[in-house]
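I opened this model to look up its fold and its ligand site. My notes follow.

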Amino acid sequence: MPTRAKPCPTGSEHGGRLTRASVGRMRVGVLTGGGDCPGLNAVIRAVVRRGVQEYGYEFVGFRDGWRGPLEGDTVPLDVQAVRGILPRGGTILGTSRTNPLAGDRGSRSGVERIKDNLAGLGLDALVAIGGEDTLGVAAKLNDAGINVVGVPKTIDNDLGATDYTFGFDTAVNIAVEAIDRLHTTAQSHHRALVCEVMGRHAGWIALHAGMAGGANVILIPEQPFDIEKVCAYVQHRFQTRYAPIVVAAEGAYPAQESASVGDQGLDAFGHARLSGVGQMLAEEIEKRTGIESRSVVLGHIQRGGTPTAFDRVLATRFGLHAIAAVRDGDFGKMVALRGTEIIRVPLAEATSELKLVPVDRYAEAEVFFG
Ligand code: F6P
């Protein structure tokens with residue numbers, strides 16, 4: 001793969017890599033990796049539309065995240081292929097949690113295989129759309145000499161270096177609609193209802209959905225909870241003649257125990273598959289207070305379906321700026337939102353730390369507990 005292009009005698013350089021003047025008509029690969037997320041198709045569409053219409057580039061789609069470049073599995077990707085996909089959930093390219101840096105890949109490493117496949121396809125650069133794991137791989141491949149630009153995706157909104165990731169707003173709105181509905185059924189039956197939302201390391205979805213939905217208490221992974229305190233909030237809410245909704249992130253856990261709740265194995269990046277805290281809470285609340293309690297796990301409903309207008313616009317802007325970074329030869333970068341501006345940050349920096357809910361943001365929500 002012409003990943004280390006000859007320096008351009010006329011153009012400016014970014015870290016000794018390709019420059020706009022040196023690259024001319026480029027061929028660019030696009031992939032979506034990790035958990036899917038509303039807005040992925042909007043990014044793909046923006047990358048291809050600007051790339052073809054403004055820069056005259058050609059595109060190749062890779063199937064199923066890093067599995068595509070690893071195995072050379074591609075799909076055609078032109079303007080026709082991206083027509084009508086702006087409001088569609090999921091990803092037309094497919095996704096997976098394949099980790100090309102892990103495991104035994106035979107005589108050639110995952111990096112070598114990807115390099116060979118990209119070279120065979122005549123690709124000059126890669127746009128990788130993903131979360132901490134996908135972009136962590138992108139950073140390593142960039143270090144190995146592959147021209148990569150990253151786009152931050154995750155409903156969890158836990159990527160450092162960007163104020164928001166697309167998909168988060170949609171997930172929060174889905175959760176808020178569910179909480180609104182749970183309020184009316186909880187009230188009718190005089191029950192406590194526990195709503196478990198996604199967020200394994202960071203409680204952003206729980207925080208925003210819980211605040212917007214008027215939760216009785218919000219539990220997040222950053223703040224281990226005291227089950228007695230949760231029960232006290234629930235009892236107090238009943239005294240006000242209003243049925244409580246407890247919103248819990250899947251990664252929330254009791255302060256009294258060190259282990260996280262639920263054990264359903266690990267994914268390819270070594271993350272625990274979580275689920276179970278909602279059920280555990282409902283059982284404990286009922287046992288300790290005598291109040292009938294049930295739990296609902298929203299799970300993948302939060303990742304499916306059409307993106308909100310906010311996510312469509314953010315995803316589209318990320319896509320436009322990602323392909324502009326390719327045009328500028330500004331590789332090893334991730335596009336990010338700062339305030340209302342789209343900026344570029346080093347991939348390594350963007351993937352070095354997760355963005356967790358700060359104590360003061362949680363304290364704002366706590367005013368409404370109980
Ligand atoms: O990272 C996004 C996320 O939705 C997490 O909130 C959740 O823990 C995980 O993905 C679930 O992944 P999978 O769909 O692979 O089970």
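I counted secondary structure: the protein has 12 helices and 11 strands. Both are DSSP runs numbered from the N terminus, helices being H or I with at least four residues and strands E with at least two. This is a predicted model, in which local features need pLDDT of at least 70, side-chain atom pairs count only at pLDDT 80 or more, and totals for chains, interfaces and linings use all residues. Numbering starts from 1 along each chain as its sequence is written, and side-chain values use heavy atoms, with hydrogens and water left out.

Next I checked burial. Of 370 residues, 54% count as buried (under 20% relative accessible area, 1.4 Å probe, protein chains only). I read the accessible surface of the protein as about 15,100 Å² (Shrake-Rupley, 1.4 Å probe), with 49% belonging to carbon and sulfur atoms.

I then took the contacts (heavy atoms within 4.5 Å). Among those with a separation of 6 or more, 74% join residues 24 or more positions apart.

Which residues surround the ligand? I listed Arg-97, Ile-155, Asp-156, Met-198, Gly-199, Arg-200, Glu-250, His-300 and Arg-303 (a heavy atom within 4 Å). This shell divides into five charged, two polar and two nonpolar residues. Asp, Glu, Lys and Arg count as charged; Ala, Val, Leu, Ile, Met, Phe, Trp, Tyr, Cys and Pro as nonpolar; the others, Gly among them, as polar.

Last, I looked up polar side-chain atoms facing ligand oxygen atoms. His-300 places one 2.7 Å away. For Arg-97 the distance is 2.8 Å. For Arg-303 I also noted 2.8 Å. The ligand taken alone exposes 400 Å², and the protein buries 82% of that.

Definitions and conventions:
Polar contact = N/O pair within 3.5 Å; in protein donor to acceptor, adjacent residues only side chain to side chain. Buried < 20%, exposed > 50% of the residue type's maximum accessible area, 1.4 Å probe, protein only.
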